[in-house]
Protein chains: 6
Amino acid sequence: MPSTRLVHRSEFCAAFRLNNPDFDEAWNAATFGVCNSPHFHGHNWQMEIEVEGAVDPDTGMVLNFLHLDKLVQAEVLQPLDHKNLNIEVPFLQGVLPTTENLAACIWQRLAEVLPEGVRLVEVRLQESASHSVAYQKS
Amino acid sequence: MPSTRLVHRSEFCAAFRLNNPDFDEAWNAATFGVCNSPHFHGHNWQMEIEVEGAVDPDTGMVLNFLHLDKLVQAEVLQPLDHKNLNIEVPFLQGVLPTTENLAACIWQRLAEVLPEGVRLVEVRLQESASHSVAYQKS
Amino acid sequence: MPSTRLVHRSEFCAAFRLNNPDFDEAWNAATFGVCNSPHFHGHNWQMEIEVEGAVDPDTGMVLNFLHLDKLVQAEVLQPLDHKNLNIEVPFLQGVLPTTENLAACIWQRLAEVLPEGVRLVEVRLQESASHSVAYQKS
Amino acid sequence: MPSTRLVHRSEFCAAFRLNNPDFDEAWNAATFGVCNSPHFHGHNWQMEIEVEGAVDPDTGMVLNFLHLDKLVQAEVLQPLDHKNLNIEVPFLQGVLPTTENLAACIWQRLAEVLPEGVRLVEVRLQESASHSVAYQKS
Amino acid sequence: MPSTRLVHRSEFCAAFRLNNPDFDEAWNAATFGVCNSPHFHGHNWQMEIEVEGAVDPDTGMVLNFLHLDKLVQAEVLQPLDHKNLNIEVPFLQGVLPTTENLAACIWQRLAEVLPEGVRLVEVRLQESASHSVAYQKS
Amino acid sequence: MPSTRLVHRSEFCAAFRLNNPDFDEAWNAATFGVCNSPHFHGHNWQMEIEVEGAVDPDTGMVLNFLHLDKLVQAEVLQPLDHKNLNIEVPFLQGVLPTTENLAACIWQRLAEVLPEGVRLVEVRLQESASHSVAYQKS
């Protein structure tokens, strides 16, 4: 049984800081180190969205990449790019914006809008040259 | 139980267009957009071939990478590189050369020639900075 | 005296072949090898456009990158991307589309449209993992 | 006459926004677009520092790369990484933090601390997959 | 059920040769080719370590990346970087240092030191532009 | 006046150590640090060779890339790849194999064999993710 998956790569840049208001300043400084820096810092997140589905024999495609471009643009890049993740993103309200949590929230948004027959397989976010996160949900 | 896989990366460049002769011109233009461009366009496809097998205790290898180089060269690069995928490739006759279909055809060719005990795991093709396809069959 | 340059990176994919009609088939086959392949082949060209100018003290910019995006899009990507370089590109009529000649033609187009005070410094085109061309004109 | 140059590559991530207080809100919004976003955004800047000097015949080196690592760390990465460029960086006070201006400020700091006989040649900063800046001063 | 994985990327450089003392010189030359070269050769191995675990709701993390940095540094980079894999690495004594075997030994070391609740998923080693190995054990 | 340059990218892997026999062990350890490691270490050097020349109007090329491939293969890759730079390379006898010196020796070899009308412009060697050397001679 064949499995065909598409991988869509893009980038968004945003500011954020890691700070859990349920804990005091000392705990936050010790836990998050420089990521707790009070005036925010930022990243270019390299994002890979992986989806799976049957290949339509008429088009030879799982999903037109241009369709996937639009979904990623509308659901992820438009709300996150050039934003402050602690302040300006409705679907991140109350979420500690670690790359782990960010990946889970992006999963949630994309899973709901994929066309029937196309399944979300993985969200990958690279936050720096040495650190990335991969998220999936079954 | 350990699993050891080899990943072999290479590149081929070819011309092609997407056009399904079972449908009319308007359908093809609407479905494939610029990829339906009449005089072809092209890509450098970055290809990754992933295989799995037991490590031979004498050689410490699943398969000599030079052996894998030769198989990939003979079965994929030689017939596809610097070719027109719509016209010149026998095993693509009648195939709509989307990256999805291309990956499936490459899988078919390689699966048949791998030495006993070595199993094909995945064929990955990157067609542009933002779009790739991964194919596997169990 | 400071010099500040911007580098703009993008990608276009096109089909082409190398064939000089002033010479016979044998000469073309011997000279261009697989690049003379009759039914075209293609590439994703990774393009870098480098421009230089004074930094405007009000904006802190040589030129807004979004402005540069638009010029590159209109003058280079729109006419070349998903096209056949031997057939469909008015400004390549009669030009043998080697990466060297392609870079010179792209230079010509961009040099004419850059805003006053911004100078084109170099056009770089990577045609494969191992081969690129850099072009400049003083 | 030979010229030998070293290129040192590293990365820092920071938050910032582009806003010139000498102009009103409408001018800033029109000039800087999404980069004027009020609550900051951020980048991973990929930085390349290029220096030139004679090769010491005893060590075969222009400058020990570990020495260069320390200078880059102390003068650039330590003050900029995980910081807000509009608020927390003494040497950026009053500077509009475009990548052009950032490169000039980094040049200034490094040029002053290089050992005798080693000359700064260029500072390059990549702010996104498609946009970079190169700065030099003679 | 969600799965969150971290991927940690780093690089080490070392010398080695492939030679199995249980076989004669001719067998070794025929089997390992240039990798049997008597005075060693070397690589920069690009290493990716993938781990999986539950996201701690207080920290939003599977494991602090700085913690993972320290484990990778102590268990892999410190003993392997700038070393001769045939001579100087205690845990490689008697091991033919193919990339396959290297990945298995790195797995062994890391699997033993990960904190409770964090599971090693895969060790990936890229030895050249075209060849990599992925290892996992369940 | 136009200038057209070709850039040829390849990779070789070799073992080496840095040790200057004119100095004692303590000096060598202090000067070269881990690169003085007694049993060698190694790298994959990413090499870029840049040449310049007039574009031949018949071929549209400065030099056929396949010709350049052969020169690089014969003069650089064949003698260096999978070798020990301290022991096995005739043209490195008595040379301390820092990346600076390596680049100068590669320049010397290539400058002598380029066809008339083609000028060597630069040799670039990347020894790790963060460190490279560029060499040129006028």
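This is a predicted model: local features need pLDDT of at least 70, side-chain atom pairs count only at pLDDT 80 or more; totals for chains, interfaces and linings use all residues.
Residues are numbered from 1 along each chain as written, with chains lettered from A and ligands numbered from 1 in written order.

The same surface serves both copies, as 100% of the contact residues of chain E recur in chain F. Contact here means heavy atoms within 4.5 Å. By that rule, 22 residues of chain E touch 22 residues of chain F. The buried area between chain E and chain F is about 1,600 Å²; this is the accessible area (1.4 Å probe) that two parts lose on being put together, summed over both. Carbon and sulfur atoms give 56% of it. On the chain E side, E:H39, E:N44 and E:H82 lose the most area to chain F, together 34% of what that side buries. The interface holds 13 residue pairs in polar contact, both residues at pLDDT 80 or more. A polar contact is a pair of N or O atoms within 3.5 Å; within protein, one must be able to donate a hydrogen and the other to accept it, and residues adjacent in sequence count only if both atoms are side-chain atoms. Salt bridges (a side-chain nitrogen of Lys or Arg within 4 Å of a carboxyl oxygen of Asp or Glu) number 0 between chain E and chain F.

A rotation of 120°, with 0.0 Å of shift along its axis, superposes chain B on chain E at an RMSD of 0.0 Å. That is the relation of a three-fold axis. Here 20 residues of chain B contact 23 residues of chain E. Some 1,700 Å² is buried between them, with 48% on carbon and sulfur atoms. There are 11 residue pairs in polar contact, both at pLDDT 80 or more. The interface has 1 salt bridge. E:E122 pairs with B:R5 in a salt bridge, and their closest N and O atoms lie 3.1 Å apart.

Methods: Side-chain values use heavy atoms; hydrogens and water are left out. Copies are superposed by least squares on the C-alpha atoms of residues with pLDDT of at least 70 in both.
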